[in-house]
Amino acid sequence: MHELSIALSLLDLITEECQKHGVERLKKIKVVAGELAGVVPEALKFSFEVVSEGTVAEGAELEVEVRPLQAVCQDCGAEFIIENMKFRCPQCRSRDLKRSAGDELFIDYLETAD
Ligand SMILES: [Zn+2]
């Protein structure tokens, strides 16, 4: 299961971050996932709930923001969101595109409980 391994690596990062800052309990975790990372938010939330049991993140709310796939046209410089995997510039119809967002996966912020 894809989400379970993502949940585990997120938990690793979170635990490390909390140890560094002496945080003992978290209230909220915000994660940003690009469309290409293929994360299903509900599945990730469920997996995270399971793996975070007994850790600093137990009971914390996990918010997952899925960001769309984006590209920059190498011909006219337009930046746009790619929908339905249509890799073509909406302005000049060029196919010479460079992906600018869509495969990222990172922790946006952690909110501590006090
Ligand atoms: Zn273009």
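User: What spacing do the donors of the zinc ion follow along the chain?
Analyst: In this predicted model, the spacing is C-x2-C-x12-C-x2-C. Donors here are N, O and S atoms within 2.8 Å of the metal (3.2 Å for Na, K and Ca), with water not among the atoms, so sites may look incomplete.

User: Which protein donors are they, and how far from the zinc ion?
Analyst: The SG atoms of Cys 73, Cys 76, Cys 89 and Cys 92, lying 2.3 to 2.4 Å from the zinc ion.

User: Where are Cys 73 and Cys 89?
Analyst: Cys 73 is in strand 3 (residues 70–73), and Cys 89 is in the loop between strand 4 (79–81) and strand 5 (97–101). The two are 16 residues apart, so the pair links distant parts of the chain. Strands are DSSP runs of E, at least two residues, and helices are runs of H or I, at least four, numbered from the N terminus.

User: Why is the arrangement tetrahedral?
Analyst: Because the 4 donor atoms subtend angles of 105 to 115° around the zinc ion; four donors count as tetrahedral if all angles lie between 85 and 135 degrees.

User: Other topic: is the crossing of helix 1 and helix 2 left-handed or right-handed?
Analyst: Right-handed, meaning the near helix is turned clockwise from the far one by less than a right angle.

Technical notes. Residues numbered from 1 in each chain as written. Predicted model: local features only at pLDDT ≥ 70, side-chain atom pairs only at ≥ 80, totals over all residues. Heavy atoms only, no water. Tetrahedral: all angles 85-135°; square planar, octahedral: opposite > 155°, others 65-115°.
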